[in-house]
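This briefing goes through selected features of one protein structure, topic by topic.

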Amino acid sequence: CSSDLPNTYNSKLFKTTNQIVLEANQNQVDVSVQSLSEGQAGEVPANTTWATSNNLNVSNPNPIQLKQFGVIEVYVDGVNFEDQEAIAVLEKEIDRVKAAGIFVLLKPVIPVKVNGVFKIEINPDLKLSPEERLKLEQTVEKEICQYIESRKMGQPLLFSQIIKNVLSLNGINNLDEFVLTTFKSIQDGTIQQESYDTRNKRIETDELERFTAGHICVASEIKLLPITVQFKATNLSGTKQKPDETNQEKVVKALSDYFKTKDIGSTTTKTEIASEIRKVFGITLIDDTLKLIPQPWCRKADDNPEEVAASFVEQPILGDVFAYSQDLKVTGSITIILPAALAELEKQKVSTQVKNKLESYVAGLKPGADVVLADLKWIAAAVKPVIKVGLDAKSFQVTLEGTSVDRLPDNTQVKVEALEKAQLVITVNFLDSATFSLGIGG
């Protein structure tokens with residue numbers, strides 16, 4: 001077997017350099033190992049305590065110390081570093097041709113992710129349906145992505161080539177405007193971000209870097225950007241000062257009027273939204289419950305809880321208004337069966353993934369929407385490589401603002417009343433498909 005051998009001495013990692021085979025009459029074997037830490041950082045004293053990923057016992061009666069050799073770093077493009085077989089083949093070929101006494105460190109090319117928003121002009125003689133317009137936009141998006149991905153290590157991104165490729169497509173009259181943003185991890189762990197537009201000619205990159213396409217969005221017309229507003233407040237039903245108009249309805253009207261003032265490409269902030277909500281007499285907005293949830297037509301929403309910035313082709317509009325007065329907390333457990341061959345760490349990752357998906361699903365439900373237990377089972381079962389899901393309604397408990405309530409009348413769904421918002425806290429246990437031994441996950 002070949003194995004990674006993590007030890008507990010300053011959490012250093014080692015790996016075996018060759019395949020190891022224990023014959024039937026052998027109970028131990030000497031192996032060569034390679035530290036995954038560079039230089040003296042990989043040294044360990046004699047008789048270190050080791051923790052392995054299998055049931056092997058490992059010992060080192062002698063210290064593992066740095067030998068005298070040269071070190072070269074080899075940056076590789078076009079190889080998936082998670083594919084251990086491909087890496088092993090590459091290492092073997094390098095070992096075959098490298099000089100004696102040379103230690104080779106394989107490293108992946110440094111990726112520079114490119115996000116972009118492009119505004120195109122379609123031939124006005126084309127009478128396109130919404131579906132045909134979307135298909136043409138997607139064709140342009142694919143063309144731009146292919147060009148970005150075609151660039152090799154160290155090659156620049158040429159805007160003139162992007163424009164040429166786009167205009168070569170049938171039905172495209174012009175590439176009116178675009179904004180590109182690059183993202184690159186630097187040595188201190190932070191992300192370096194830079195923006196470019198039509199005033200620039202190209203984006204340069206270092207010889208060890210390579211561009212990769214991120215979120216590339218193409219619009220042939222102004223796109224709507226619905227923003228859902230969710231918050232908790234007191235006195236939402238309120239005393240009706242006008243016939244058939246509650247405080248909640250007044251909030252919706254105030255927010256609708258606010259969004260009518262927003263320009264294309266403008267930014268919507270939580271501070272502004274909170275101010276509009278507080279203008280409604282009698283309502284008290286609960287601090288830290290206000291959320292802005294954008295639904296962009298293309299790109300992934302930015303992870304900024306304080307504001308939503310529209311691109312130059314987006315018009316912010318009001319989406320849904322999720323207003324509630326009480327928290328309904330649902331706690332329970334679910335059991336998933338996983339393949340026996342899956343490593344323990346992978347089982348933990350899958351259980352955490354199931355937990356996150358279930359809790360995110362319930363968090364996205366509208367106030368007053370019931371929590372259907374069958375939906376929870378379906379969501380968990382859709383996570384690969386889950387084989388089967390077990391859910392016992394009796395394990396679920398429900399509290400309203402901290403007080404226990406009976407909301408599972410038929411054991412099929414948690415009833416949620418108007419102006420209540422459900423929150424799920426779930427434990428995901430996992431069973432081994434071969435032994436059915438229980439593991440505690442997320």
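The points below cover the nonpolar cores, a strand pairing, the salt bridges and a surface patch. The model is predicted.

**Nonpolar cores**

- The largest nonpolar core has 30 residues, and I336 and V354 touch the most other members.
- At least two residues of this core come from each of strand 18 (326–338), helix 6 (344–363), helix 7 (373–381), strand 21 (397–400) and strand 24 (420–432).
- Beyond its neighbours within four places in sequence, I336 contacts V350, S351, V354, V386, K388, V389, V428, N429, F430 and L431.
- Another core lies apart from this one; it has 25 residues, including C145, I162, V166 and F178.
- In soluble globular proteins, nonpolar side chains tend to be buried together.

**Strands 12 and 15**

- Strand 12 (residues 223–234) pairs with strand 15 in the antiparallel sense, over 4 bridges.
- Within strand 15, L292 stands opposite V229.

**Salt bridges**

- The whole structure contains 20 salt bridges.
- One of them joins the side chains of E137 and K223, at 3.1 Å from N to O.
- Because E137 belongs to helix 2 (residues 130–150) and K223 to strand 12, this pair ties together parts that are 86 residues apart in sequence.
- Both ends count as buried: E137 has a relative accessibility of 1%, and K223 has one of 11%.
- E137 and K223 are also part of a salt-bridge network with R133 and E221.
- K415 and D370 form a further salt bridge, with their closest N and O atoms 3.1 Å apart.
- K415 is in the loop between strand 23 (413–414) and strand 24, and D370 is in the loop between helix 6 and strand 19 (371–372), so the pair ties together parts 45 residues apart in sequence.
- K415 is partly exposed at 31% relative accessible area, and D370 is partly exposed at 22%.
- R202 and E204 also form a salt bridge, with 3.0 Å between the closest N and O atoms.
- Here E204 is exposed, at 51% relative accessible area, whereas R202 is partly exposed at 40%.

**Surface patch**

- L22, V29, V31 and L56 make a nonpolar surface patch of about 290 Å².
- V29 sits in the loop between strand 2 (13–16) and strand 3 (33–35).
- With a relative accessibility of 38%, V29 counts as partly exposed.

Terms used. Residues numbered from 1 in each chain as written. Predicted model: local features only at pLDDT ≥ 70, side-chain atom pairs only at ≥ 80, totals over all residues. Heavy atoms only, no water. Patch = residues over 30% accessible without salt bridge, like charges linked within 9 Å, V, L, I, M, F, W, Y side chains within 5 Å. Areas by Shrake-Rupley, 256 points an atom, 1.4 Å probe, with all protein chains shown as cover. Salt bridge = Lys/Arg side-chain N within 4 Å of Asp/Glu carboxyl O. Buried < 20%, exposed > 50% of the residue type's maximum accessible area, 1.4 Å probe, protein only. Core = buried A, V, L, I, M, F, W, Y, C linked by side-chain atoms within 4.5 Å. Contact = heavy atoms within 4.5 Å. Pairing = 2+ DSSP bridges.
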